[in-house]
Amino acid sequence: MSILVTGGLGYIGSHTVVELLNNNFEVVIVDDLSNSEKFILDNIEEITGKRPIFYPFDLKRKELLEQVFDAHHVEGCINFAAYKAVGESMVKPLDYYENNLFSLINVLQEFKKRNISNFIFSSSCTVYGQADEMPIDENTPLKEAESSYGKTKQMGEDILKDFSKAYHKKVCLLRYFNPIGAHPTALLGELPSGIPNNLVPYVTQTAAGIREKLSIWGDDYPTEDGTAIRDYIYVVDLAKAHVAALQKLINTENETALDIYNLGTGTGSSVLEVVKAFEVANDVNVPYQICPRREGDITIAYANADKAERELNWKSETPLEEALKTTWEWQKYLRSRDL
Ligand code: NAD
Ligand code: WQD
């Protein structure tokens, strides 16, 4: 069965492509390389022994997308393609709305036109904002997202709910918490462009001497050590959840199925705990300084992922330290290739 994976050379997409290939799906990737590199395709082949079909173009180009659907009998899609930098989305909101929503709608139009079902959307815990209670389950009320990026995720979810209902399509919304880590082969991982915004890439680059010091954004939160708490989920575990969600969609007979799952570990870790775990896991030093809070940050978010365990038979398996070891191996690989 052929699955279209948009953004399939990106961080989460590339790990998911490996899991799809390992589960005998045929994969057609569309990725415009706006936040990824072509060598990832070679590395996917090195890991799996299979080379996915790859089209390097922007999904906003409807005419090219149409040709992909003409050429392949696509029977499902996992839609990773999006811009994802929260801060950038506040200064370039139109670029975010245009890219994240037009590219999504273009794929959905092809699904509608050709009567294809089985659509998985990369959503985010950002749709919950600062939830009133922990852990966050799928019934936790959504709050208006602070960033334009977060709003594209909320709008994407709304578009897909309408799409499923009006056209009788099977849809799954996956709300990721904080993905971290790299492939155990060290051939895939996150490629932050410029100065990383996310914690683990910044910690990694600091340990590698690329950055002088990590700035910890706030130690006056109402948490045990004063730093903010998140749910860090290993990217390979996350990738496996996509295969489970896809298999469930394919097997369901309900043509308007609309599944929503939180994908997290169920455990929160503070910023300081992550820094310490990274140091212990990799026997390195991460210099840091305490700075004022970052605007827009919330205090605490961690998942109740019981629904995914119950319905997808999936749960996060990899401990934080093990995930952080893979990140360090990936950093060494990047250095060995001068990347
Ligand atoms: P990523 O930037 O590594 O991957 C996205 C890929 O999509 C990139 O390879 C990029 O080149 C491609 N792309 C972007 N716009 C495109 C377009 N118009 N046409 C074709 N290709 C395009 O990001 P990621 O971390 O792998 O995230 C994947 C998805 O998961 C995104 O939708 C993101 O919003 C969502 N998500 C990510 C996180 C996270 O922390 N990484 C958390 C929650 C949700
Ligand atoms: C984690 C914690 C920071 C960097 C973002 C998006 C969210 C989702 C995941 C896509 C926070 C602290 C960070 C640093 C620090 N992405 N930190 N120093 O903010 O939870 O979520 O990525 O959907 O939508 O908002 O992740 O990794 O940026 O931060 O102290 O240099 O680390 O303040 O408490 P965040 P993050």
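Some ground rules. This is a predicted model, where local features need pLDDT of at least 70 and side-chain atom pairs count only at pLDDT 80 or more, while totals for chains, interfaces and linings use all residues. Residues are numbered from 1 along each chain as its sequence is written, chains are lettered from A and ligands numbered from 1 in the order in which they are written, and side-chain values use heavy atoms, with hydrogens and water left out.

Back to ligand 1. It has 28 residues around it, and Asp31, Asn35, Lys84, Asn99 and Tyr149 come nearest. Being around a ligand takes one heavy atom within 4 Å of it. Asparagine 99 puts a polar side-chain atom 2.7 Å from a nitrogen atom of ligand 1. Phenylalanine 80 uses a backbone N or O atom, 2.9 Å from a ligand 1 oxygen atom.

Now ligand 2. It is surrounded by 19 residues, and the closest are Ser124, Tyr149, Ser215, Arg230 and Asp297. Tyrosine 149 has a side-chain N or O atom 2.5 Å from an oxygen atom of ligand 2. Tryptophan 217 brings a backbone N or O atom to 2.9 Å from a ligand 2 oxygen atom. For asparagine 197, the backbone distance to an oxygen atom of ligand 2 is 3.4 Å.

Next, the helices. Helices (H or I, at least four residues) and strands (E, at least two) are DSSP runs, numbered from the N terminus. Axes are lines fitted to C-alpha atoms, for helices over the stretch in contact, and angles run from 0 to 180 degrees between N-to-C directions.

Take α5, residues 93-113, and α6, residues 148-167. Their axes come within 10 Å and cross at roughly 15°. So α5 is roughly parallel to α6. The cut-offs: under 35 degrees is roughly parallel, over 145 roughly antiparallel, 65 to 115 roughly perpendicular, and the rest oblique. Tyr149 is back again, among the α6 residues that meet α5. Contact here means heavy atoms within 4.5 Å. The residues of this α5 and α6 contact divide into 14 nonpolar, four polar and two charged. Ala, Val, Leu, Ile, Met, Phe, Trp, Tyr, Cys and Pro count as nonpolar, Asp, Glu, Lys and Arg as charged, and the others, Gly among them, as polar.

Then α1, residues 11-22, and α8, residues 235-251. They pack at about 60°, with axes 8 Å apart. That angle makes α1 oblique to α8. Ile12 of α1 is one of the residues making this contact. The contact of α1 with α8 has nine nonpolar, three polar and two charged residues.

Last, two backbone details. Most residues other than glycine have a negative phi, and most peptide bonds are trans. Asparagine 118 is not a glycine, yet has a positive phi of about 70°. Asparagine 118 sits in the loop between α5 and β5. The peptide bond from methionine 134 to proline 135 is cis, with omega near -10°. Proline 135 is in the loop between β5, residues 119-124, and α6.

Key
A polar contact is a pair of N or O atoms within 3.5 Å; within protein, one must be able to donate a hydrogen and the other to accept it, and residues adjacent in sequence count only if both atoms are side-chain atoms.
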